[in-house]
Amino acid sequence: MLFFWDATLLPVKSEKRDGRHARAERTHQAIVNALLDLAEEGNLSPTAQQIADRADIALRSIRQHFASREALFLAAAETHSQRRVASAVIVRGTLKERVAGFVRARSLVLEQTSALRRAASLEEESSQTITRVMSGVNRARRSEVLRAFDKEFERKSAKDRKRLVDALDLASCGRSWDAMRREMNLSTGDARGVMETTLSKLLAD
C-alpha cells in the first residue's frame, strides 16, 4: 500500500475542475445569502441586479446558477431552514409547562422566518411550487400543535377538536406573529406573552 505519491503526477485538469467547482459553490451560496440578507433588511422582492450587487457578482452569474426566480427562492428557503434553530415541541409535563415550551420554541422560529415568510407570500400567487412548499410548512406547523396538546384533544368531540386545533393553529401561526410584531408593534417578549395567554385560555376549557 502506498502512503505517499509524487504530486507532479496528479492530473492538472482535475485540480482545475475542483477549483472551478469550489468557486461555483461559493458564487451559488453568495447569491442565496444576498437574497436572504436583502429580505431581512425589508427588500422582500429584490431585482436580479440588486441581488447581484449585494453578492458582488456579475448579473449573468445568477442566470447561470438558477434557471428561474422560483429556483433561487427555493434554494434560499432551504438554506434558511438549515440556519434556523430547530423547534423542539414539549410533549410531556403539565399543561402550563407544555404551553410555555411550545410558545418559546414557536416564537423563536416565527421570528427567524419572518422576512422569508413575507417574501414567500409575494411569490405564492405566481408559483405553484412555492405554494406547495408553504402548504407543507403549514401542515408541519399544525402537526406540532397536535403533538403538544394531544391530551387536551382526547376529551373533545371530533367537531370541538377541530375547532380547537384551528384556533390554536391560528393563534400561533406566522401571520398572527407578524401582526403582533409589525402591526401592533409588540416586542418579541410581549408577542410571546400574548400567544401564551391565548393558548392557555383556549386550552383551559
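What you're looking at is a predicted model, where local features need pLDDT of at least 70, side-chain atom pairs count only at pLDDT 80 or more, and totals for chains, interfaces and linings use all residues. Residues are numbered from 1 along each chain as its sequence is written, and side-chain values use heavy atoms, leaving out hydrogens and water.

Let's begin with the whole protein. You'll find eleven helices and zero strands; helices here are DSSP runs of H or I with at least four residues, strands are E runs of at least two, and both are numbered from the N terminus. Of the 205 residues, 33% count as buried, meaning under 20% relative accessible area with a 1.4 Å probe and protein chains only, while exposed is over 50% and partly exposed lies in between. Take the contacts (heavy atoms within 4.5 Å) between residues at least 6 apart in sequence: 67% of them join residues at least 24 apart.

Now for the inside. A nonpolar core is a set of buried Ala, Val, Leu, Ile, Met, Phe, Trp, Tyr and Cys residues joined through side-chain atoms within 4.5 Å. The largest one has 22 residues, and Ile31, Val32, Ile51 and Leu72 have the most contacts inside it. H1 (12-40), H2 (48-55), H4 (69-83), H6 and H7 (128-148) each supply at least two residues of this core, with the largest share, six residues, coming from H1. Beyond its neighbours within four places in sequence, Val32 touches Phe66, Leu72, Ala75, Ala76 and Thr79. Apart from this core lies another, of 19 residues, including Val99, Val103, Leu110 and Phe153.

Next, look at H5 (residues 95-112) and H11 (residues 188-204). Their axes, which are lines fitted to C-alpha atoms over the stretch in contact, come within 9 Å and cross at roughly 140 degrees; angles run from 0 to 180 degrees between N-to-C directions. H5 and H11 are therefore oblique to each other, as angles under 35 degrees count as roughly parallel, over 145 as roughly antiparallel, 65 to 115 as roughly perpendicular and the rest as oblique. Among the H5 residues that meet H11 are Val99, Val103 and Leu110.

Finally, H6 (residues 114-123) packs against H10 (residues 174-183) at about 115 degrees, with their axes 11 Å apart. That makes H6 roughly perpendicular to H10. Here Ser114, Arg117 and Arg118 in H6 meet Gly174, Trp177, Asp178 and Arg182 in H10.
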